[in-house]
Each structure stands twice: as structure tokens, then as C-alpha cells.
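The following paragraphs lead the reader through a protein structure step by step. Please keep the sequence and the model in view while reading.

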Amino acid sequence: MPITTALPAPSPAVLAARYTAAEARANELIVAARATGCMSDMNADDLAHYVDLMAGSRATLAAAGRLDLIGVA
């Protein structure tokens, strides 16, 4: 019997919370970069991570028909 390591998919509520938290942190990084006129490599990597997390959460919510949880009509 093969060993399965797949985790169960997170619920739409968990995905919405992840999306919202990632969006807030990405916005903080963008505001800080605009205020200082620059962004460190570490913050740029963090921003890319949060954008990827938002995209994945949004895609999964879209597939579940639950974009309403993140305010998308």
C-alpha cells in the first residue's frame, strides 16, 4: 500500500484568513518602500512570497466559488 503524505485542503475560511493576512503584510511592505524610496532584497523576497500566497489562496477560493470571503464579487 502506498504511503500518502498529502494534507487535507484548508477550509475556505482558513484560506480567506491567509489571504487577508498576506494582503495586509504585502501592503505594509509596499507602504514602507514608498516612504523610504527603496526596498531591501529581503523585503522584496517577502513581498513575492505574500503575493504568491495571495494568488494561491485566491485561486483555490475561486475554484470553490467562495471569492465572496475576500470581498471579490
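This is a predicted model: local features need pLDDT of at least 70, side-chain atom pairs count only at pLDDT 80 or more; totals for chains, interfaces and linings use all residues.

Helix 1 contains 25 residues, and the distance from its first C-alpha to its last is 36 Å, close to the 36 Å expected at 1.5 Å a residue. Its buried residues are Leu-15, Ala-16, Tyr-19, Ala-22, Ala-26, Leu-29 and Ala-33. After helix 1 comes Gly-37, which has a positive phi, near 80°.

Helix 2 covers residues 41–63, a run of 23 residues. From first C-alpha to last, helix 2 reaches 33 Å, close to the 33 Å expected at 1.5 Å a residue. Within helix 2, Leu-47, Met-54, Ser-57 and Leu-61 are buried, and helix 1 (12–36) is included in what covers them. Just after helix 2, Gly-65 adopts a positive phi of about 70°.

Which residues make up the largest nonpolar core? There are eleven in all: Leu-15, Ala-16, Tyr-19, Ala-22, Ala-26, Leu-29, Leu-47, Met-54, Leu-61, Leu-67 and Ile-70. Helix 1 and helix 2 are the elements that give two or more residues to this core, and the largest share, six residues, comes from helix 1.

One member of the core, Leu-15, may be examined individually. Leaving aside residues up to four places away in sequence, Leu-15 touches Pro-10, Ser-57, Thr-60 and Leu-61. Among these contacts of Leu-15, Ser-57 and Leu-61 are buried residues of helix 2.

Note on methods:
Residues are numbered from 1 along each chain as its sequence is written. Side-chain values use heavy atoms; hydrogens and water are left out. Helices (H or I, at least four residues) and strands (E, at least two) are DSSP runs, numbered from the N terminus. The expected span of a helix is 1.5 Å times one less than its number of residues. Buried means under 20% relative accessible area, exposed over 50%, partly exposed in between (1.4 Å probe, protein chains only). Contact means heavy atoms within 4.5 Å. A nonpolar core is a set of buried Ala, Val, Leu, Ile, Met, Phe, Trp, Tyr and Cys residues joined through side-chain atoms within 4.5 Å.
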